[in-house]
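Keep the sequence and the structure side by side as you read.

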Amino acid sequence: MMREFRKYHRTLAIILALPLAVTLLTGMAATMVGEWTVNIGIPRSLLLSIHRGEIFGLQGIYPILNGLGLLGLLVTGLSMSGLFGRKKSQHKQN
C-alpha cells in the first residue's frame, strides 16, 4: 500500500509542480507590487490574471484543479508519514 501512495504522490508532484509554482510566484509578486509598491516591471493586473488562470482561459477550473491536486498531495503525503497508521498491539512476554 505504501508503495502505491509513493507512486501516486510522485506522479501528482510532477504534474502539479509547474501550476503550483506559477500560482505561488505570481501571488507573491502581486502582493509585493500591490502592497509594498515594489516595481518589478510587470503590472499587478497581469500578475493577478496569471495567478487566477484567466490568461489561459481557465479561470473557472484552475483554482479547483490546484486545490484538488494539493488535497491529493496532502492525503498521500500524510498516509506515507505514518501519523495515521495502525498501532501495533504489544504482547507481554513472560
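Start at Ser 49: a polar atom of its side chain sits 2.8 Å from the backbone oxygen of Leu 46. That makes it a polar contact, meaning a pair of N or O atoms within 3.5 Å; within protein, one must be able to donate a hydrogen and the other to accept it, and residues adjacent in sequence count only if both atoms are side-chain atoms. Before going further, a word on what you're looking at: this is a predicted model, where local features need pLDDT of at least 70 and side-chain atom pairs count only at pLDDT 80 or more, while totals for chains, interfaces and linings use all residues. Residues are numbered from 1 along each chain as its sequence is written, and side-chain values use heavy atoms, with hydrogens and water left out.

Ser 49 belongs to helix H2. Helices (H or I, at least four residues) and strands (E, at least two) are DSSP runs, numbered from the N terminus. Is Ser 49 buried or exposed? Its relative accessible area is 14%, so it counts as buried; the cut-offs are under 20% for buried, over 50% for exposed and partly exposed in between, with a 1.4 Å probe and protein chains only. Leaving aside residues up to four places away in sequence, Ser 49 touches Glu 54 and Ile 55, where a contact means heavy atoms within 4.5 Å.

Now zoom out. Of its 94 residues, 19% are buried. Among contacts with a separation of 6 or more, 55% are between residues 24 or more positions apart.

Back in H2, the buried residues are Leu 47, Leu 48, Ser 49 and Ile 50, and they pack against H1 and H3. Compare Ser 45, also in H2: with a relative accessible area of 55%, this serine is exposed. Its C-alpha atom is 8.1 Å from that of Ala 30, 15 residues away along the chain. After H2 comes Gly 53, with a positive phi near 85 degrees.

Next, follow H1. Which of its residues are buried? They are Leu 16, Thr 23, Thr 26, Gly 27, Ala 29, Ala 30 and Val 33, and their cover includes H2 and helix H3 (62-81).

Thr 26, in H1, is worth a stop. At 10% relative accessibility, Thr 26 is buried. Its side chain reaches the backbone oxygen of Thr 23 at 3.4 Å. Not counting residues up to four places away in sequence, Thr 26 touches Leu 47, Ile 50 and His 51.

The largest nonpolar core has five residues: Ala 29, Ala 30, Val 33, Leu 47 and Leu 48. A nonpolar core here is a set of buried Ala, Val, Leu, Ile, Met, Phe, Trp, Tyr and Cys residues joined through side-chain atoms within 4.5 Å. Beyond four places away in sequence, Ala 29 touches Ile 40 and Leu 47.

Between H1 and H2 there's a loop that holds Thr 37. Although Thr 37 is not a glycine, its phi is positive, about 50 degrees. Thr 37 is exposed, at 65% relative accessible area.

Last, the rings. The whole structure has one aromatic pair: Phe 56 and Tyr 62, with ring centres 6.5 Å apart and planes at 50 degrees, so the pair is tilted. Rings of Phe, Tyr and Trp (its six-membered ring) pair if their centres lie within 6.5 Å; planes under 30 degrees apart count as stacked, over 60 as edge-to-face and the rest as tilted. Tyr 62 itself is buried, with a relative accessible area of 9%.
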